[in-house]
Amino acid sequence: MVTKKFLIWDEHIDPEKWTDFLQEDKEMNPFFYEGLSGRELEAEEWQRIQEMNEQYLEDERCNLDKVIGRAVIELCKFQYWNGIEENAFLISSSNMKDIFRRHCRSSICSWYSDGNNICCDESHHDGTNHYIYKVIPESYTGECSTDVSLKTLLRHARSMAPYVAQIYGI
């Protein structure tokens with residue numbers, strides 16, 4: 001089953017898109033902005049935008065707070081200044097919300113469906129990491145642990161996109 005392409009959550013902040021939020025925030029919370037001007041005002045506005053954007057990420061975690069009963073594999077392509085490393089991690093909680101995690105402290109993430117898989121691009125100072133999330137189906141009767149060969153798990157892995165599409169009604 002192929003799902004539509006859609007954005008789940010994007011951490012990239014375009015200040016132009018937040019002007020209505022800032023205007024409303026200034027009217028509802030004038031004490032945050034009292035006596036501020038210039039760079040201080042810009043810093044406070046940026047702080048408020050970041051806080052709200054993080055709240056939106058928390059909303060997405062709530063949306064995807066569903067245990068699917070099968071292990072999830074995170075396929076990772078890490079980009080470093082000196083090359084690329086590929087790896088995989090098992091998300092043993094089987095909870096879809098656990099895909100929302102960073103591998104780099106100072107990064108900007110975007111989670112989305114590319115039409116076939118649930119993916120994440122994590123931009124950082126060395127480049128952009130790329131992650132794909134797969135589910136081990138019930139038909140796989142082997143173990144789902146870090147001791148099992150990655151090739152074996154991938155042979156049986158399926159897209160996580162249909163599970164996410166059910167949540168968003170896509």
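Buried means under 20% relative accessible area, exposed over 50%, and partly exposed in between, with a 1.4 Å probe and protein chains only. The model is predicted: local features need pLDDT of at least 70, side-chain atom pairs count only at pLDDT 80 or more, and totals for chains, interfaces and linings use all residues. Residues are numbered from 1 along each chain as its sequence is written, and side-chain values use heavy atoms, leaving out hydrogens and water.

**Phenylalanine 78**
- Phenylalanine 78 counts as buried because its relative accessibility is 6%.
- Strand S2 (residues 72-80) holds phenylalanine 78; strands (E, at least two residues) and helices (H or I, at least four) are DSSP runs, numbered from the N terminus.
- Beyond its neighbours within four places in sequence, phenylalanine 78 has contacts (heavy atoms within 4.5 Å) that include Phe89, His103 and Tyr131.

**Helix H3**
- Among the buried residues of H3 are Glu44, Arg48, Ile49 and Leu57.
- The elements that the buried residues of H3 pack against include strand S1 (6-10) and helix H5 (161-168).

**Nonpolar core**
- A nonpolar core is a set of buried Ala, Val, Leu, Ile, Met, Phe, Trp, Tyr and Cys residues joined through side-chain atoms within 4.5 Å.
- The largest one has 23 residues, and Ile8, Trp111 and Val164 are among those with the most contacts inside it.
- Elements giving two or more residues to this core include S1, S2 and H5.
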